[in-house]
Amino acid sequence: MKPYIKAFLFLVVVMTLDYLFRKGIVPIPLPLPQRLSFLILFGLFTLFTLLATKRFAKSDGLTLNDLGISAKSANRRDFLVGCLVGIAIWGLVSIIQSIAAGFDWVLRSDISVYNLIYGFVFIFVADLGTELYARGYPLTKLKESFGANAAIVIMVFFFALISFSFNYEGELLMYVILIPTLHTIFFSIIYFKSGRLGAGVGVHTGANFVTNSIFDLRESQESQAIPSGIFEANVPLDDLSLTALQMPYVVIAILFSIVCYFWWKKSQARPAT
């Protein structure tokens with residue numbers, strides 16, 4: 001079977017897992033707290049995606065380590081550095097948001113250390129699953145068939161397609177599609193540059209942690225998977241400009257993609273020693 005066919009087959013399998021576990025088709029048959037149910041379902045998605053990756057890799061004579069998926073020191077270091085980068089860059093984005101949209105971040109009255117730790121754990125589990133889904137095996141197989149640049153373009157179109165939702169329309173739908181596709185570019189470049197999953201998981205976790213558990217634009221709800229963050233906007237979200245809130249994400253994704261691209265190409269152009 002050609003590598004690109006196996007890549008698409010893997011994506012179909014994991015997309016099915018995504019709908020079963022993360023989109024909520026499979027319920028937890030126990031009366032558990034809702035947040036714990038979310039964590040279990042997302043954890044199951046990540047576990048089964050890892051097993052699917054291992055199975056597909058084995059059929060090609062590869063191991064998880066060959067795909068850069070391991071808990072070895074290099075991946076742990078990459079994760080830590082990536083996490084700090086994600087926190088720093090998306091923390092800056094949150095500050096730019098407040099300036100562009102004309103609001104202030106204010107401290108919530110009900111913050112807790114437990115919520116911060118839980119939020120980080122949940123985000124890590126969720127983003128590990130996403131990186132296994134979108135990078136690792138499918139990118140490697142698409143690169144074998146078409147080259148790295150084409151592999152990234154294919155994944156960009158794939159995630160643009162699956163990001164579409166009839167629940168959104170107009171400008172909001174544009175951002176719902178545009179931001180994940182832009183993220184696909186730099187996360188894919190990071191994977192190709194490092195040859196490991198750790199850095200991408202780190203950046204992903206750090207970015208989502210700072211935009212959910214630190215600077216949080218969501219309305220606080222008991223049923224939300226990630227507890228409310230430390231800071232919230234001092235005005236209702238409906239009073240803020242959607243463009244001012246979302247455009248910083250778009251701009252930073254474009255700039256970060258450009259930086260990552262030249263970082264990647266520079267390393268490729270460096271003569272072997």
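Q: At what angle do α1 and α2 pack, and how far apart are their axes?
A: In this predicted model, the angle between α1 and α2 is about 165°, and their axes are 9 Å apart. An angle over 145 degrees counts as roughly antiparallel, and α1 and α2 are therefore roughly antiparallel to each other.

Q: Is the crossing of α1 and α2 left-handed or right-handed?
A: The crossing of these two helices, α1 and α2, is right-handed.

Q: Which residues make that contact?
A: From α1 come Lys6, Leu9, Phe10, Val13, Val14, Leu17, Asp18, Phe21 and Arg22. On the side of α2, the contact is made by Leu41, Phe42, Leu44, Phe45, Phe48, Thr49, Ala52, Thr53, Phe56 and Ser59.

Q: How many of the residues between α1 and α2 are nonpolar, polar and charged?
A: The contact of α1 with α2 has 13 nonpolar residues, three polar ones and three charged ones.

Q: Let us move to α5. How do the axes of α1 and α5 cross?
A: Helix α5 covers residues 136-146, and its axis comes within 7 Å of the axis of α1, crossing at roughly 155°. That angle makes α1 roughly antiparallel to α5. In this case α1 passes α5 in a left-handed crossing.

Q: Which residues of α1 and α5 meet?
A: In α1 they are Pro3, Tyr4, Lys6, Ala7, Phe8, Phe10 and Leu11. They meet Tyr137, Pro138, Lys141, Leu142, Glu144, Ser145 and Phe146 of α5. Sorted by class, this contact of α1 with α5 holds ten nonpolar residues, one polar residue and three charged residues.

Q: And α6, how do the axes of α1 and α6 cross?
A: The axes of α1 and α6 come within 13 Å and cross at roughly 25°. Angles under 35 degrees count as roughly parallel, which makes α1 roughly parallel to α6. The crossing of α1 past α6 is right-handed.

Q: Which residues are in the contact of α1 and α6?
A: Phe8, Leu11 and Met15 of α1 touch Ile154, Met155, Phe158 and Ile162 of α6. The contact of α1 with α6 consists of seven nonpolar residues, with no polar and no charged ones.

Q: Changing topic to empty space: how is it found?
A: A probe the size of a water molecule is rolled over the atoms, and this shows where empty space is left.

Q: How much space lies in the largest pocket?
A: The largest pocket holds about 2,200 Å³ of space. It is lined by 48 residues, and the closest to its centre are Tyr168, Val176, Pro180, Asn208 and Asn212.

Q: Which element gives the most to the lining of the largest pocket?
A: That is α7, with nine residues. The elements that give two or more residues to this lining include α1 (3-22), α2 (34-59), α7 (170-194) and α8 (198-214). By class, the lining of the largest pocket has 30 nonpolar, ten polar and eight charged residues.

Q: What about the second largest pocket, what is its volume?
A: The volume of the second largest pocket is about 330 Å³. Its lining has 17 residues, with Ser70, Ala71, Asn75, Phe124 and Leu128 nearest the centre. Two or more lining residues come from each of α2, α3 (73-101), α4 and α8. The lining of the second largest pocket divides into eleven nonpolar, five polar and one charged.

Q: Finally, how many cavities of 30 Å³ or more are there in the whole structure?
A: The search finds one cavity of 30 Å³ or more, and about 40 Å³ of space lies in the largest cavity.

Q: Which residues line the largest cavity?
A: Its lining is formed by Ile111, Ser112, Asn115, Leu116, Ser213, Ser228, Gly229 and Ile230. Of these, three are nonpolar, five are polar and none is charged.

Technical notes:
Residues numbered from 1 in each chain as written. Predicted model: local features only at pLDDT ≥ 70, side-chain atom pairs only at ≥ 80, totals over all residues. Heavy atoms only, no water. 1 Å grid on protein atoms, 1.4 Å probe; cavity = no way out; pocket = protein on both sides within 12 Å on 5 of 7 lines; lining within 4 Å. Points joined across faces, edges and corners; volume = space filled by probe spheres on them. Helix = DSSP H or I, 4+ residues; strand = E, 2+ residues; numbered from the N terminus. Nonpolar A, V, L, I, M, F, W, Y, C, P; charged D, E, K, R; others polar. Axes fitted to C-alpha atoms, helices over the stretch in contact; angles between N-to-C directions. Parallel < 35°, antiparallel > 145°, perpendicular 65-115°, else oblique. Left-handed = near helix turned anticlockwise from the far one by under 90°. Contact = heavy atoms within 4.5 Å.
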